[in-house]
Amino acid sequence: MSILQEICETLQKGRAKQVKELVQKALDEGVAAQEILTDALLPAMNVIGEKFKNNEIFVPEVLMAARAMNMGTEVIKPHLAESGVQAAGKVCIGTVQGDLHDIGKNLVRMMMEGKGLEVIDLGTDVPAEKFVSCAVENDCQVICCSALLTTTMDVMAEVVRAAEAAGIRDRVKIMVGGAPITEEFCRSIGADCYAADAAGAADAAVALCKG
Amino acid sequence: MNTDAVTLRVNGKQLHIPRGSLLSEFISGEAPCGGRGSCGKCRVLAFGCLSPADAREKALLSAEELAKGYRLACMTRAEGDCEVRTLAAASPRILTEGTGEGYKASPEFLKYGVAVDLGTTTLAAKLFDREGREAASAACLNPQSFAGADVITRIGAALAGESARLAEVIRRTLNEMITGLCQKAKVPATAVGEVLITGNTAMLYLLTGTDPEPLSRAPFAVKRRFGESLMAGELNLFALLPQTPVYLPPCISAFVGADTVCAVLADGTVRGGTRVLADIGTNGEIFLCRNNKFYACSMAAGPVFEGVGISCGMRGETGAVDRVELVNGKLFARTIGGGKAVGICGSGLVDAVACLLDGELLDESGYLDEDPTYICDGVALKQADIRAVQLAKSAVHAGIVTLLSAQGLKASDLDGFSVAGGFGNYLNMRSAARIGLLPAELARTARPVGNAALQGAERLLLCPEMRDACRKIAGATETLELGGNPLFAENYMMGMFF
């Protein structure tokens with residue numbers, strides 16, 4: 001088995017420490033950071049995302065894989081920066097105002113990072129204006145809003161209105177997700193994209209960033 | 001919309017309703033999803049001039065069912081004259097008994113009194129005579145279920161303009177319950193000298209018509225925490241004399257309510273040592289007493305253990321699988337009533353998952369070998385059901401572990417662990433430990449205390465001198481917010497494994 005294959009499989013098993021060691025070993029052996037990313041880390045997360053979507057694996061396995069992914073990317077990050085590799089896109093994410101639930105949001109963030117996106121995490125209880133100002137200041141292509149409570153999901157409509165008011169609707173897409181959110185709700189508030197799970201959210205964000 | 005009247009017959013009873021109305025507005029039934037067309041629990045037989053079935057109905061009803069006339073009441077509109085038949089509701093199993101020690105009414109309590117536990121799903125009530133003896137008991141489902149199964153959905157409905165209707169339906173049910181109790185005991189309802197109604201914070205807000213806005217979003221800063229007497233007239237409890245006092249016990253915080261305080265009282269959780277009381281329901285509450293200091297937390301386990309969100313799920317009613325055993329590699333299911341299995345209730349579900357694990361039909365990650373896997377003839381669990389159980393059981397387990405570890409405690413440090421509520425009572429503790437719903441050390445010594453909330457309510461009714469102590473406990477309890485708590489998040493996610 002090649003070292004890239006080994007990294008890919010170890011990552012899928014969620015063995016963070018081992019992934020970190022293997023990535024370092026690959027670098028030492030002269031494998032390019034870009035190659036480790038595109039031929040080992042990203043394909044591994046794609047498999048995880050697929051399996052999660054098909055209900056073959058569940059939250060803890062995804063979490064472990066995502067952590068392993070992070071450990072791996074930490075090692076190659078300085079090398080990627082050196083060779084001028086760009087992120088696949090830039091996203092800001094947060095749980096809307098009045099809502100403190102961040103487990104789903106964090107999972108989405110990790111899956112997005114696993115797709116090679118740069119993600120700015122605004123945390124929980126985030127006011128609509130903060131999403132918009134963050135997107136403007138950092139040139140994000142996507143704003144991603146999460147809510148777990150039926151009583152806080154309406155804040156997402158405020159985010160859409162705030163983005164309109166700021167005049168960024170032509171260049172920033174708005175994604176929504178969380179247990180009470182539906183495709184219809186997404187349409188009714190004029191958001192661009194609804195994702196049913198973390199893997200789907202990451203795929204959708206990549207597609208939105210490509211434009 | 002055209003608002004002229006059309007005729008709707010509900011189980012033969014004729015009503016005149018505005019054209020275009022939703023059928024669910026005119027039938028008393030369940031809508032765990034709050035009328036969003038996503039749970040499929042409000043199915044009825046409907047005929048006549050109806051709106052066509054949309055994608056959501058078609059997702060939940062087969063073409064065959066639609067052809068037979070099955071519809072979802074929350075999605076179907078009366079476009080003209082039509083007829084609805086509600087499906088026979090089985091009698092629910094509602095626990096009214098607790099296991100706490102006996103007590104005597106205060107000598108000054110020389111009147112008839114009613115104690116009520118107003119739960120999100122069910123109501124249970126008892127009438128006491130002048131000597132403090134139980135004269136009658138009653139139970140029924142909470143009629144607010146049309147506006148959702150969980151407190152948050154109901155709070156949302158109240159904020160969306162249903163507040164008056166939610167208060168009205170629960171007050172009507174309380175009137176009927178009190179009248180029924182008095183008829184059973186053959187005393188006039190006007191002889192009732194005091195009523196005590198306990199419940200979670202949201203239920204007391206909706207009952208009293210208090211604006212539930214603070215309960216709807218962080219920081220969940222509730223101003224009204226009850227621990228106060230109102231008059232029957234203020235709550236439209238017309239069965240009673242208008243001046244009759246109605247005592248509402250104190251709540252701890254937005255999601256740890258008077259029912260928890262009452263359960264703590266009945267259980268004696270605060271009698272010394274390090275003790276935990278857990279109420280496992282749609283909203284789970286955990287109360288910890290350590291060195292006379294009190295801590296609490298709540299977590300939304302969801303309605304999975306009420307049978308909602310599980311493909312074959314149902315309440316603990318006739319026909320529900322409530323016990324599953326694995327004998328020589330074969331599954332054996334027992335149903336309530338002993339007849340044919342029509343679904344599975346919470347205690348059966350926990351047993352079934354434990355048996356699937358023991359029989360290696362399900363692995364520790366929650367992966368089901370065969371999807372669906374049959375538990376018995378007519379009842380199967382799908383992969384998605386297992387995932388729903390993983391989320392719910394892990395929330396309860398993580399809530400307990402997080403509250404303990406915030407105080408530097410381990411499960412083995414506890415002197416007592418009590419489980420309140422109907423589900424806890426019917427739960428097989430071995431199965432609860434097997435699936436990781438409860439920490440194994442606690443499940444072994446867990447003491448089911450039944451409907452401790454109602455029993456505490458009885459005590460507060462009959463021994464009014466204890467109300468002050470209760471207010472002190474409620475006021476001194478520190479609530480740990482689990483939303484956004486990183487320790488809880490870690491425990492919750494990793495606790496999803498079996």
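Modeller: Helices (H or I, at least four residues) and strands (E, at least two) are DSSP runs, numbered from the N terminus. The model is predicted: local features need pLDDT of at least 70, side-chain atom pairs count only at pLDDT 80 or more, and totals for chains, interfaces and linings use all residues. Residues are numbered from 1 along each chain as its sequence is written, chains are lettered from A and ligands numbered from 1 in the order written, and side-chain values use heavy atoms, with hydrogens and water left out.

The part to look at is the second largest pocket, with a volume of about 520 Å³. A pocket is an open set of points, on a 1 Å grid over the protein atoms alone, with protein on both sides within 12 Å along at least five of seven lines; a cavity is a set where a 1.4 Å probe fits but cannot get out, and lining residues have an atom within 4 Å of a point. Points are joined across faces, edges and corners, and the volume is the space filled by probe spheres set on them.

The lining of this pocket is made of 21 residues. Nearest the pocket's centre are A:Lys77, A:Leu80, A:Ala87, A:Gly116 and A:Leu117. In chain A, the elements that each give at least two lining residues are α3 (33-53), α4 (59-82) and β2 (118-121). Of the lining, α4(A) supplies the largest share, with eight residues. Sorted by class, the lining holds eleven nonpolar, six polar and four charged residues. Here Ala, Val, Leu, Ile, Met, Phe, Trp, Tyr, Cys and Pro count as nonpolar, Asp, Glu, Lys and Arg as charged, and the others, Gly among them, as polar.

Why does the second largest pocket lie between domain 1 and domain 2 of chain A? Domain 1 (3-82) and domain 2 (90-210) both give residues to its lining, so the pocket lies between them; domain bounds come from an automatic or database domain assignment.

The largest cavity has a volume of about 750 Å³. Its lining has 37 residues, and those nearest its centre are B:Thr121, B:Thr122, B:Glu306, B:Gly422 and B:Phe423. Five elements of chain B, namely β7 (122-128), β13 (283-290), α7 (346-358), α9 (422-426) and α12 (452-462), each supply at least two of the lining residues. By class, the lining of the largest cavity has 14 nonpolar, 16 polar and seven charged residues.

The backbone of chain B also has some details to check by eye. B:Ala218 and B:Pro219 are joined by a cis peptide bond, with omega about 10°. B:Pro219 sits in the loop between α5 (213-216) and β10 (226-231) of chain B. Another cis peptide bond runs from B:Asp371 to B:Pro372, where omega is near 0°. The loop that holds B:Pro372 is between α7 and β18 (373-376) of chain B. B:Asn236 has phi near 55°, a positive value in a residue other than glycine. To find B:Asn236, look in the loop between β10 and β11 (245-250) of chain B.
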